[in-house]
Amino acid sequence: MTSTINKGDNPVMTTSDSSEAQRELWTRVRARIKTAVGVDVFTSWFASLELEEIVDDVVHLSAPTRFLCSWVQSNYAERLLEAFRQDLAETDRIQVTLRVNGQARPRFTPAAAEPMASDAPNPPAAPTQAPLASMARFPRDTAAAKGDALSGSAIDARMTFDSFVPGAANEMAFGVAKQIANAAANNTVTFNPVYIHSTVGLGKSHLLNAIAHAVQQADSTKNIVYLTADHFMYHFITAVQRQSALGFKEWLRRVDLLLIDDMQFLQGKSATEFGHTLGTLLTGAKQVVVAGDAPPRDLEMLDERVRSRLSGGLVVPISGFDLELRRAIVQRRADQSTARYGMHFPAPVIDYISRAVISHGRDLDGAVNRLVAANQLTGELITVPLAEKTLGDLIRNREARRVRIEDILRIVSRHYKVPRNELLSARRSRDVVRPRQIAMFLAKALTSRSLPEIGRRFGGRDHTTVLHSVRKVESMIKDDVELGQEIELLKRMLEE
């Protein structure tokens, strides 16, 4: 039953009202978004979003992948904000964070409801729908857990160097991470700063967590701070609001080891503050390790000076997993499940998962977990037919989204900040030619169009020009790991 406490003419919702009211609000917002963008766009980008909470005029949404977080935050935050403001006029910002295994980051702690004196002697009966403008806001509990030496974001105890599976795609990053941890534990600095980048699910967060664990185990007196980008932003914004920004800066600048994850989500003045912090820590010879989904040059929210400092350190890419590494990961997870539950993973099943699940490491972990659950719940032996039945959505058996050349032009134009008409023009400057060649490469790779058809769509060019562009990009990818990852990101953006 809904209840309200009145203060003058403004009903105030109690905590018990908030959950139901937020569900109703989210239903209305989703309906507005679907009407505005259409069913196809809604299904691609909004259907899997969830409303977590509304705190201090900030709407916190969650998404199941880092890519979706980044895409919605970058491309649809204003549209979402507009939809929420129709009910909550004071809404100031949309924040999209990662939801892992069905859970977002820890919920905020509700503040104890404070009794309010009513100006009316007989408060009116509760309305059937509490006004959303008065939805309860919960202050975030920023106090670190007692005894937690790793201030900031939570550290995953499972993500250690021992549980990391190295291979050709990540061996450099793995070696650098171990060297950093060893040096930091011995009060020295090797490479600084270190920037690790890759697409989603290839082990960046695992390595940052592993560094923190190793250094803490070696020397528990070390001041280690691990922060995700959204946590960094929250700390900074809260400090500014509470007029304690100086204390926040001093807190960061006293650290021995600073680890920042999901750098691509850093925005606004928080990005500027990160730049100041980075400069101070490097000057003081304190170790800084950063992870993101793009190389430093593509972090457009940072100014050129900060991008230059990141690029001037050690930049370490992690490439997509090859078959050998995927098999090693699946074998490790299968061995762990065998030791824990006593079940048997036949070699053909391990081979099947390794060949069929090609997205990223988290899906490989998920595939093993699903087979363990299926075995325990149904008693079926772990076989290839069970894997085929259980892992259907992970092996891309769904019909791929049809990619159009118009989609490619739009995405490439936005990514490289080159107007669409220039991609189709006769301009030959490098800042236009390379994006144009990449767009032609993507058109050949992702559409069924012939070379002459692609040429016609790219300003009436000859098919030999298209072929030259395709071969040129193929050649560049072989020599440039970062470009290969960049193109994989563009493919993912086009296919989702």
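Predicted model: local features only at pLDDT ≥ 70, side-chain atom pairs only at ≥ 80, totals over all residues.
Figure 1. Residues are numbered from 1 along each chain as its sequence is written, and side-chain values use heavy atoms, with hydrogens and water left out. Helices (H or I, at least four residues) and strands (E, at least two) are DSSP runs, numbered from the N terminus. Although Lys417 is not a glycine, its phi is positive, at about 55°. The residue is exposed, with a relative accessible area of 55%; exposed means over 50% relative accessible area, buried under 20%, and partly exposed in between (1.4 Å probe, protein chains only).

**Figure 2. The second largest pocket, with a volume of about 910 Å³**. Lys417 is among the residues closest to the pocket centre, together with Asp298, Glu300, Arg414 and His415, out of 28 lining residues. A pocket is an open set of points on a 1 Å grid over the protein atoms alone, where a 1.4 Å probe fits, with protein on both sides within 12 Å along at least five of seven lines; lining residues have an atom within 4 Å of a point. Grid points are joined across faces, edges and corners, and the volume is the space filled by probe spheres set on the points. At least two lining residues each come from helix H3 (66–75), helix H15 (405–416), helix H17 (430–446) and helix H20 (481–495). H3 provides the largest share, six residues. The lining comprises eleven nonpolar, seven polar and ten charged residues, where Ala, Val, Leu, Ile, Met, Phe, Trp, Tyr, Cys and Pro count as nonpolar, Asp, Glu, Lys and Arg as charged, and the others, Gly among them, as polar.

**Figure 3. Aromatic pairs, of which the count comes to seven**. Rings of Phe, Tyr and Trp (its six-membered ring) pair if their centres lie within 6.5 Å; planes under 30 degrees apart count as stacked, over 60 as edge-to-face and the rest as tilted. Trp26 and Phe84 are stacked, at 6.0 Å centre to centre and 15° between the planes. This pair joins helix H1 (residues 15–37), which holds Trp26, to helix H4 (residues 77–85), which holds Phe84, across 58 residues. Both Trp26 and Phe84 are buried. The ring centres of Phe46 and Tyr76 are 4.9 Å apart with planes at 65°, so this pair is edge-to-face.

**Figure 4. Helix H19 (residues 463–479) and its buried face**. The 17 residues of H19 reach 25 Å from first C-alpha to last, close to the 24 Å expected at 1.5 Å a residue; the expected span is 1.5 Å times one less than the number of residues. Val466, Ser469, Val470, Val473 and Met476 are buried in H19. Seen down the axis, the buried residues fall within an arc of 130°, so they line one face of the helix; the arc is that of the directions from the helix axis to the C-beta atoms. Arg471, Lys478 and Asp479 are exposed on the other side of H19.

**Figure 5. Backbone of Asp262 and of Pro193**. Asp262, in the loop between strand S9 (257–261) and helix H9 (268–283), is not a glycine, yet has a positive phi of about 55°. At 8% relative accessibility, Asp262 counts as buried. The peptide bond from Asn192 to Pro193 is cis, with omega near -5°.
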